[in-house]
Amino acid sequence: MIWILPAAAGALLLLVRRAPRATAVTTAAATLALAVWAAVARPTTSFPLVFTSGFAVDGLSAVMVVTVAAVALAVLVFATGELREARFYGLMLIFVGAMLATVTATELTVLLMGWEVMGAMSYALIGYWWRDGDRVTSAGVAFVTTRAGDLGLYVAAGAAFAAYAAGGTSGQVLGLAGLPELAQPWRDLVAGGIVLAALGKSAQLPFSFWLSRAMAGPSPVSALLHSATMVAAGAYLLLRVQPLLVATGWAGPLVAWAGGLTALLLGGVALAQRDLKQLLAASTCAQLGFMVMGSVAGGAAHLVAHAAVKSLLFLGAGAWLTVLGTKDLSGLRGAGRRYPVVGASFAVGALALAGLPPLSLWVTKDSVLAAVHDPWLHAVGLAAGALSAAYAGRALVAVWRGSRSDGRPSETLSWAPLPVLAVGAAVLGVVGLPAVWAWWSGLLGDPGAARVDAGSLALSGALAAAAVLTALVRPPEPRPLTGWLGLEAAARAVVWRPLLSLARGAAWFDDRVVDGAVEAVPRLGMAAARLARTPFEMGVDGVVRAVGAAALGLGRLARRPQTGQVHTYLAQAAVGLIILAVAIALVR
């Protein structure tokens, strides 16, 4: 019911389209209640599908279901002040259901189902305003890019099945828990496919550019897809299969370095942005990079805290976009003062994103780095943390410095989730503290996870404070990096255009060669028929015509005696009798 309830309610909204806001919020609240219950009760279920499939709530998925359901509820409450269409709430609820199915799946088949539905819903939500061609194009770029990575899951499932067919595995064929036990080379193929899919979904290098395109959707979509769901699904999957990555020997370091370089380079991209949503999008890529650098316990702690922080920041940006009509940093000067509820909440989120003590990401980021033993990678992580403080400080300065007299000064009830998320952004780092860490790492099934020490916390806190103070005193000048390190242009040049050229060549071959061969067959048949008709068919036709002409001539001869006169018929009968008599006499 954790995932069936929101998915069914979303499908119903798409069909009925009645009371969408109340239905969505009520469903999200019920889902959160179910998630909390499941986190305590830890239910499991299994059923025959292709093989033995199932869903289960263990320590990691317990954390995820509560995080996803809580953020979904906050985002949907916020969305009631901006959007009224049933289509939006239906798509959002189906997306939430797909994400919950993904994080509770115990086997690759059902995980793939949730993964695919999640990708389809993300396409529909990013391109929600479908009459805008640019937004639809952005949705297409995001969808195609993530789909390219998603193919890795099919490779992984195929390799796991091949290992079963070759006798290299037993038990639950595609079960996530049994993947480290696969024989070679299947284990490496499974690991490679999962890494590809997860890096693509989490917008890590070289796939990061699709997250920039995803900002074309409504702000609540950005808040949900890019905090606790969608992009977090890739990080979750890598945390879930950590034993498999370790077993290969190469996949773990590859993922850690991919995350570290993404955190560093996309932090630089975030620092250079003029658009607040683009800054937050680039920072999402960077923070997801932290999640996959270290231990399961550290990555999960950072994932949960980041979900609260980033959903808060995206919703704050959406609130200002609604009332002020801009997301440009220069146009948001003084917005925090003009709207103090949003401004204060945003400030907490930005300071937490900066890693400033004692807020959440200060602790969780260092919990990740505590498990990084490569000194070079650790240095990359520290540098990325300093960049986090710099771009977060820049966003904070932009919205609080100066004053505004335009716009509506009133704040709406739909903004109520912002202070709640701000509390989460402030306190969720408690799981990384030494007094709580043993319980947290045991809950995540990672009891040996490295614990952060006071010296590391002090160093990272000092770096964060220095970067924020620098931004306050002398904000860095933004430089346009609309291409996000040229990643999209490179993808188009290296992958997309060659694929299109190959497709055009294949189409030419199909039209000219394959179709030409098919069309040549009937032409050859007709030519052979014409050749056969001249010597044979004409002769047969001549015989048929001769028989017909002879029959016609005999018919004419037989018609002549038929005069209609009785005495003529009597004479003919007499002659016939005489001839008959003569013939009898001669024969005898």
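This is a predicted model: local features need pLDDT of at least 70, side-chain atom pairs count only at pLDDT 80 or more; totals for chains, interfaces and linings use all residues.
In β2, F47 finds its bridge partner in S53.

**The β1–β2 hairpin**

- Strand β1 (residues 44-48) and strand β2 (residues 52-56) run antiparallel to each other and are paired over five bridges.
- Three residues separate the two strands, which together form a hairpin.
- Besides the F47 pairing with S53, T44 sits opposite A56 in β2.

**Helix pair α1 and α2**

- Helix α1 (residues 4-16) packs against helix α2 (residues 20-41) at an angle of about 170°, and their axes are 9 Å apart.
- With an angle over 145° counting as roughly antiparallel, that makes α1 roughly antiparallel to α2.
- On the α1 side the contact is made by L5, P6, A9 and L13, and on the α2 side by P20, T23, T27, A30, T31 and L34.
- By type, the residues of this contact divide into seven nonpolar, three polar and no charged.
- For reading such lists, recall that an α-helix has 3.6 residues a turn, so residues three or four places apart point the same way.
- In the loop between α1 and α2 you will find R17. Phi of R17 is near 60°, a positive value in a residue other than glycine, and R17 counts as partly exposed because its relative accessibility is 47%.

**Helix pair α3 and α4**

- Helix α3 (residues 59-79) and helix α4 (residues 86-104) cross at roughly 170°, with axes that come within 9 Å.
- α3 and α4 are therefore roughly antiparallel to each other.
- From α3, the residues S61, M64, V65, V68, A72, V75, L76 and A79 meet F88, Y89, M92, L93, V96, M99, L100, V103 and T104 of α4.

**Helix α16 and what follows**

- Helix α16 (residues 340-354) has 15 residues, which at 1.5 Å a residue should span 21 Å; the end C-alpha atoms are 20 Å apart, in agreement with that.
- Its buried residues are V342, G343, S345, F346, A347, G349, A350, A352, L353 and A354.
- After α16 comes G355, with a positive phi near 80°.

The contacts here leave aside residues up to four places away in sequence.

- Y236 lies in helix α10 (residues 231-240) and counts as buried at 1% relative accessibility. Y236 is in contact with L60, S61, M64, T102, V103 and L303. The C-alpha atoms of Y236 and G217 are 23 Å apart, while the two residues are 19 residues apart along the chain.
- S367 is part of helix α17 (residues 360-369) and counts as buried, at 1% relative accessibility. S367 touches S295, G298, G432, W437, A450 and V452.
- T109 sits in helix α5 (residues 108-126) and is buried, with a relative accessible area of 14%. T109 touches L49, V50, S53 and L174; S53 is also the bridge partner of F47.

**Backbone spots to check**

- Most residues other than glycine have a negative phi, and most peptide bonds are trans.
- Where are the cis peptide bonds? One runs from Q184 to P185, with omega near 0°, and another joins L205 and P206, with omega about 5°.
- P185 is in the loop between α6 (133-165) and α7 (186-201), whereas P206 is in the loop between α7 and α8 (209-213).
- A203 lies in the loop between α7 and α8. Phi of A203 is near 55°, a positive value in a residue other than glycine. A203 counts as buried, with 0% relative accessibility.

How values were computed:
Residues are numbered from 1 along each chain as its sequence is written. Side-chain values use heavy atoms; hydrogens and water are left out. Axes are lines fitted to C-alpha atoms, for helices over the stretch in contact, and angles run from 0 to 180 degrees between N-to-C directions. Helices (H or I, at least four residues) and strands (E, at least two) are DSSP runs, numbered from the N terminus. Angles under 35 degrees count as roughly parallel, over 145 as roughly antiparallel, 65 to 115 as roughly perpendicular and the rest as oblique. Contact means heavy atoms within 4.5 Å. Ala, Val, Leu, Ile, Met, Phe, Trp, Tyr, Cys and Pro count as nonpolar, Asp, Glu, Lys and Arg as charged, and the others, Gly among them, as polar. Two strands pair if DSSP finds at least two bridges between them. The expected span of a helix is 1.5 Å times one less than its number of residues. Buried means under 20% relative accessible area, exposed over 50%, partly exposed in between (1.4 Å probe, protein chains only).
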